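Please work through each task before reading its solution.

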Amino acid sequence: MSSVSPLVSCRAIRKTYNHGEAQTPALRGADLDIHGGELLILAGPSGCGKTSLISIIGGMLDADSGDCKVLDKNIRTMSAQQRARFRGQHIGFVFQSFNLLPALTAVENISVPLLLQGVPRKAAESQARIVLESLGLASRADHSPGRMSGGQQQRVAIARALVHEPRLIICDEPTSSLDHDAGQTVMETLRKVARTAGRALLVVTHDPRIFCFADRIARMDDGRVISIETHSPKNFLS
Ligand SMILES: Nc1ncnc2c1ncn2[C@@H]1O[C@H](COP(=O)(O)OP(=O)(O)OP(=O)(O)O)[C@@H](O)[C@H]1O
Ligand SMILES: [Mg+2]
């Protein structure tokens, strides 16, 4: 794992949000590497900068300074258009607030990343159904988000991040709306995905029930990654 370059490499990332006079420092020199084949959990208290850091890695937010390489590409120096294309191809992102399109059904929502890559609708929708089924939600395939519970919407958002088989999948609190069994199903699916050669998962969570699925747990506090703990292999035999 250590002989190849990491899938994600962040160094000295800084970010301050400015609203008029008010300045909120969110990241104060965060470092993080993520290797191919691993599921890395990012944990830490509310407001410590987790969403800000993963948004920078996912190309949705620009840092003030520091380096962020994803798949050996410097995501900070790409144009907006290059970044959007790169993201569409290589990154799957599950937002803390799901961000599903309300007018579309579950299957249609999940198909979007494939349609953007030019996959024909029928093939995209059949792939979407397969992923939805693996997350235990086949029965809601043709429902729109407004007719689903929070936990069901969350699984649709996860399916949408997986459907185009991106190399890097980033999930912000993917089990926050799920009960124990649904949370375990989602994490087992995500762990299998991480085991696929050359792919990696970055999962932000407060949920200690899912720590056992991680290969490593990075802890953040006050805008920095303050420790990284490696799990023993017995915890993630599938
Ligand atoms: N858009 C924004 N404008 C201004 N300040 C922001 C914005 N987004 C985040 N912040 C601030 O930046 C800091 C880090 O926020 P961030 O959302 O990254 O934390 P977090 O670790 O994801 O928290 P949580 O666990 O509650 O989701 C916090 O102090 C927050 O108030
Ligand atoms: Mg957050």
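**Exercise 1.** Which residue in strand 7 is the bridge partner of F93?

*Solution.* The model is a predicted one, in which local features need pLDDT of at least 70 and side-chain atom pairs count only at pLDDT 80 or more, while totals for chains, interfaces and linings use all residues; side-chain values use heavy atoms, with hydrogens and water left out. Residues are numbered from 1 along each chain as its sequence is written, and chains are lettered from A and ligands numbered from 1 in the order in which they are written.

Step 1. Strands (E, at least two residues) and helices (H or I, at least four residues) are DSSP runs, numbered from the N terminus. Two strands pair if DSSP finds at least two bridges between them.

Step 2. Strand 6 runs parallel to strand 7 (residues 168-172), and four bridges join them. The partner of F93 in strand 7 is I170.

**Exercise 2.** State the strand order of the open six-stranded sheet, and locate its edges.

*Solution.* Step 1. The order is 6-7-8-3-9-10, and the pairing is mixed. Strand 6 (91-94) and strand 10 form the edges, each pairing on one side only. On average, neighbouring strands are turned by 15 degrees against each other, direction ignored. For such angles, axes are lines fitted to C-alpha atoms (for helices, over the stretch in contact), and angles between N-to-C directions run from 0 to 180 degrees.

Step 1. Strand 3 (residues 39-43) and strand 9 (residues 216-221) are parallel and share four bridges; I41 has I217 as its bridge partner in strand 9.

Step 2. Strand 9 then pairs with strand 10 (residues 224-230) in the antiparallel sense over six bridges, with R219 opposite S227. These two strands form a hairpin with two residues between them, and D222 in the turn has a positive phi of about 50 degrees.

**Exercise 3.** Which strands does helix 6 touch?

*Solution.* Contact means heavy atoms within 4.5 Å.

Step 1. Strand 6, joined to strand 7 by four bridges, is touched by helix 2 (residues 80-90), which packs on the sheet and also touches strand 7; the direction of helix 2 makes about 85 degrees with that of strand 6.

Step 2. Helix 6 (residues 180-195) likewise packs on the sheet, where it touches strand 3, strand 7 and strand 8 (200-204). Its direction makes about 125 degrees with that of strand 3.

**Exercise 4.** Describe the surroundings of ligand 1.

*Solution.* Step 1. The shell around ligand 1 holds 14 residues, the closest being S46, G47, K50, T51 and S52; a residue is near a molecule if one of its heavy atoms lies within 4 Å of it. Four are nonpolar, nine polar and one charged. In this classification Ala, Val, Leu, Ile, Met, Phe, Trp, Tyr, Cys and Pro are nonpolar, Asp, Glu, Lys and Arg are charged, and the others, Gly among them, are polar.

Step 1. Strand 1 (8-19), strand 2 (22-34) and helix 1 (50-57) each supply at least two shell residues, and helix 1 gives the most, with three.

Step 2. Oxygen atoms of ligand 1 lie 3.1 Å from a backbone N or O atom of G49, 2.8 Å from a side-chain N or O atom of K50 and 2.6 Å from a polar side-chain atom of S52. Taken alone, ligand 1 exposes 630 Å², of which the protein buries 67%; accessible areas come from the Shrake-Rupley method with a 1.4 Å probe.

Terms used: A polar contact is a pair of N or O atoms within 3.5 Å; within protein, one must be able to donate a hydrogen and the other to accept it, and residues adjacent in sequence count only if both atoms are side-chain atoms.
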